[in-house]
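These are my notes on a few things I looked up in this model.

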Amino acid sequence: MAILLIAEHDNQTLKAATLNTLGAAHHLEGEIHVLVAGAGCTAVGQAVAQLSGVTKVLLCDAPQYAERGAENLAELVRGLAAGYSHVLVPASAEGKNLLPRVAALCDMAQVSDVVGIESTDTFVRPIYAGNALATVKSIDPIKFLSIRTTAFESVGLAGTAAAVETIAAGPELGLCKLVDRELTRSERPELGAAKIIVSGGRGLGSGDNYRRVLEPLADKLGAALGASRAAVDAGFVPNDFQVGQTGKIVAPQLYLAVGISGAIQHLAGMKDSKVIVAINKDPDAPIFQVADYGLVADLFEAAPALTQAI
Amino acid sequence: MKVLVPVKRVLDYNVKVRVKADGSGVDLANAKMGMNPFDEIAVEEAVRLKEAGVVSEVVAVSCGVAASAEVLRTALAIGADRGILVQSDADLQPLAVARLLKAVCDREGPALVICGKQAIDDDANQTGQMLAALLGWSQATFASKVTIADGQATVVREVDGGLETLAVRLPAVITTDLRLNEPRYATLPNIMKAKKKPLDTLDPAGLGVDVSPRLVTLKVVEPAKRSAGIVVSDVAQLVEKLKNEVKVI
């Protein structure tokens, strides 16, 4: 049996999360087929065909997949799923939105946020905000898995190209329409894929302070910017900056937490980072319990000094 | 228009999670339990829609053990009109819950279901999407703003790159994100009133739903602990460590 992976893209470029999901698929057995569904997405299909381990690309190019709504996509994937042992998506906003719908249409369970693959039917996943790890065995014939991308290596190019097969589109259900999409534009690396993340919390006090103190530091380090829930709720930064249990899960080489106290929900999103640095004026802040290097200091002095020193 | 709001009884979000020594699960004995926070946001949203005159009735539904009636009373105290407990001692997984909710929807005929986007115990983030699939309805997940008018819901969703706005045809399933609203505290008079509101009890067999689990939990362990590192004295020492000791900058 083969594995079906659903590629995430914006009709022009493939999202990095798909490369890690492919890395997870390499831990399973069988050919790997990748579905590229979109509108005007041929270039994405060709790019996917170059990736290591991909044996076939299923290209489905139709207007109803342009905005990647779950309803139409789920119908399409439901029709394909029967021929596969596993169906994989990244555990991104899109993957989380789509895969449960497909699994339910097939009357099968989904395993969310897989961080370990023990065998073809047994998987490890975090529960309780990562405070426990559960090993679960799926007894359904098709395993629907959303993959926590930070837990798997990303996959590179193969050197040869897999076949690209064009497949027929499913129905346009007409259930839903995209009205608007406001994506944060940034020259900085994507939060999920960044090597270094500078993240700010309530301690910054305002959006102006956040930008004034953290942007120069992030610029100097070539880092992505993140935030705690408190900073997002207070309106310092947009929602897509949030790192945590219900925001983005990150695992960069260096995570610099500035003015973040370290609620367990935040730690759940960043504790797999290689090196964690915390700057906080409260020596009892829980963030220091997970930090490799803690600096007890006023962030308004320490962060600019750090920017100067590197 | 009737709204159905599923609510789940979970370990209180402030309680420290303890894994059982035998690796069979998380220890919930005598622990403080409460309503899943995302579900509180869902109840609040439904009640606000009722207060705005958009919705005529808010029905809260909980699937689980008998004590789940407590979270239904909480939903009633926030302002839901009545509660339905689908009582079961089984390990109810998302697909089973979605199938139970589908059966309740078939009986109740709501035009809208508002769910929490995930429960903070199993962190699955599946039930709302699965319910929408089983009903054949549209879905708007991770909502941070909801407007209902003219038979459709306009929903602002929190997605990876920012925000997107969807227009979904009703009936639909909406799942709530953190910033949709701030749930009110139930006042004492409302808690007293909630005790008198109707609460029906059903069971999976009566709804004709097979709830047998599809995932078998083999073991539950604590993750490897990250040990606290060192406290550096100043910025210079921090830079020295990052450059020379761990070489990440």
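The model is a predicted one. I found B:Glu222 in a salt bridge with B:Lys225, with 2.9 Å between the closest N and O atoms. B:Lys225 is exposed, at a relative accessible area of 65%. I also noted a network in which salt bridges with shared partners connect A:Glu67, A:Arg181, B:Arg157 and B:Glu164.

Next I asked how many salt bridges the whole structure holds. The search over all chains returned 33.

I then looked at B:Lys2, whose salt-bridge partner is B:Glu108; their closest N and O atoms are 2.7 Å apart. This pair links distant parts of the chain, as B:Lys2 sits in strand 1 (residues 2–6) of chain B and B:Glu108 in helix 3 (residues 94–108) of chain B, 106 residues apart. Are the two buried or exposed? Both B:Lys2 and B:Glu108 are buried.

Helix 3 of chain B also holds B:Asp106 and B:Lys102, four residues apart, about one turn of the helix. I found a salt bridge between B:Asp106 and B:Lys102, the closest N and O atoms lying 2.9 Å apart. B:Asp106 is exposed, with 52% relative accessibility. B:Lys102 is partly exposed, at 24% relative accessible area.

In chain A I checked helix 2 (residues 42–49) and listed its buried residues: A:Val44, A:Gly45, A:Val48 and A:Ala49. They lie on the same side of helix 2 of chain A because they cover an arc of only 140° around the axis. What do these buried residues pack against? In chain A they pack against strand 2 (32–38), strand 3 (54–61) and strand 10 (163–166).

I looked for nonpolar surface and noted a patch of about 260 Å², made by A:Ile139, B:Val216 and B:Leu218. B:Leu218 is placed in strand 12 (residues 215–221) of chain B.

Last, I consulted the UniProt record, an unreviewed entry, which places "domain: Electron transfer flavoprotein alpha/beta-subunit N-terminal" at residues 23–211 of chain B. In the model, the end C-alpha atoms of residues 23–211 of chain B are 24 Å apart. I recorded that span as 33% helix and 31% strand.

Conventions
Residues are numbered from 1 along each chain as its sequence is written. Chains are lettered from A and ligands numbered from 1 in the order in which they are written. This is a predicted model: local features need pLDDT of at least 70, side-chain atom pairs count only at pLDDT 80 or more; totals for chains, interfaces and linings use all residues. Side-chain values use heavy atoms; hydrogens and water are left out. Buried means under 20% relative accessible area, exposed over 50%, partly exposed in between (1.4 Å probe, protein chains only). Helices (H or I, at least four residues) and strands (E, at least two) are DSSP runs, numbered from the N terminus. The arc is that of the directions from the helix axis to the C-beta atoms. Contact means heavy atoms within 4.5 Å. Patches are made of residues with over 30% relative accessible area and no salt bridge: like charges are joined within 9 Å, nonpolar side chains (Val, Leu, Ile, Met, Phe, Trp, Tyr) within 5 Å. Accessible areas come from the Shrake-Rupley method with a 1.4 Å probe; for residues, only the protein chains shown count as cover. A salt bridge is a side-chain nitrogen of Lys or Arg within 4 Å of a carboxyl oxygen of Asp or Glu. UniProt positions are given in the numbering used here, feature names are shortened, and annotations may be inferred rather than shown by experiment.
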